[in-house]
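Q: Hi! Could you walk me through this one with me?

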Amino acid sequence: MLNLKILTKFIIILLTIQVSFAQLGFSHEIGIITGPVAFKSDYGLRNEFETNAGNSGFGIGLVHYINFAYQADCNCYTTDNYFNDHFKLRTEISYNTTKLEHFGEYVEPDRTGRGAQQLRGQKGEANNFDIGMQIEYFPLSIRSFQAFAYKFAPFVSLGAHYVSYNPEVSSTFTGPGNTYYDPWYVTPDSTPIDVSGGSTWSVVSSMGARYKLSTSADLMIDLRGQYYFNDYIDGLNHELKYNKYNDWMVWLNFGYIYYLD
């Protein structure tokens, strides 16, 4: 209930910001994004290719842009200054999900010990709902791009997202003692697994490009990195030195952007 209240307040704040800019007459764009997700968590070893390739899922989202370069109420370009011609404000609501399991040397078939069996038997799932805002910087002129001076417009972005996470963890290991990996329980009160879910903040940064389809539509490709200020996004938080950092994600998304006005 507390998470829902915080999320509702955050949505209201974002809507207030959007309405404020809309009253200034700036134009709007909306779009849809989707693509593969690589989730970096406490499953497997972070620097192993098997883990990075195996723990992958997908994401989908809706985006809204404030385009400062164009004045919708007069159907004309805004005052010619650097900010208006090189920045857009992006608001996003998105969802991503990733099936998780352990990969790498500790679960190789030739390992038959208790620890290997515990790791092989464990499965998980990360499920995250995001809402947030990013500022996008276009090195080339937005006005020139809209006027078809060039087809491609690269950009970089930086922003913050509020995240509601709801992980799942299960295991098929049926041996005595701990169901999950023994080394995670370094003290009697250790809590290496928590699937109660919650909310946190994250930093989002990306680089990408738009391709001009028509006067009212663009295609977009965007490679995002997202760092969470929490290590329970996947339901795990153990203190072993090779997986002690917070969870993070890489998302390659493709989008279709439509200019409303």
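Q: Which residues form the nonpolar patch on the surface?
A: In this predicted model, the patch consists of I30, I32, F58, I60, L62, Y95, L213, L219, Y256, Y258 and L260. Together they have about 980 Å² of accessible area.

Q: And which elements give two or more residues to it?
A: Those are β1 (26–40), β2 (56–71) and β10 (248–259). The largest share comes from β2, with three residues.

Q: Let's pick I32. Where is it, and why does it count as partly exposed?
A: I32 sits in strand β1.

Q: Changing topic: what does β8 pair with?
A: Strand β8 (residues 198–214) pairs with strand β6 (residues 152–165) in the antiparallel sense, over 14 bridges. β8 also pairs with strand β9 (residues 217–228), again antiparallel, over 12 bridges.

Q: How many residues are between β8 and β9?
A: Two, and the strands form a hairpin.

Q: Nice. Which residues face each other across those pairings?
A: V156 stands opposite M207 in β8, and S205 has G225 in β9 as its bridge partner.

Q: One more thing, what about the phi of F148?
A: That phi is near 65°, a positive value in a residue other than glycine. Most residues other than glycine have a negative phi.

Q: Where is F148?
A: F148 is in the loop between α5 (142–146) and β6. With 38% relative accessibility, F148 is partly exposed.

Notes:
Residues numbered from 1 in each chain as written. Predicted model: local features only at pLDDT ≥ 70, side-chain atom pairs only at ≥ 80, totals over all residues. Heavy atoms only, no water. Pairing = 2+ DSSP bridges. Helix = DSSP H or I, 4+ residues; strand = E, 2+ residues; numbered from the N terminus. Buried < 20%, exposed > 50% of the residue type's maximum accessible area, 1.4 Å probe, protein only. Patch = residues over 30% accessible without salt bridge, like charges linked within 9 Å, V, L, I, M, F, W, Y side chains within 5 Å. Areas by Shrake-Rupley, 256 points an atom, 1.4 Å probe, with all protein chains shown as cover. Salt bridge = Lys/Arg side-chain N within 4 Å of Asp/Glu carboxyl O.
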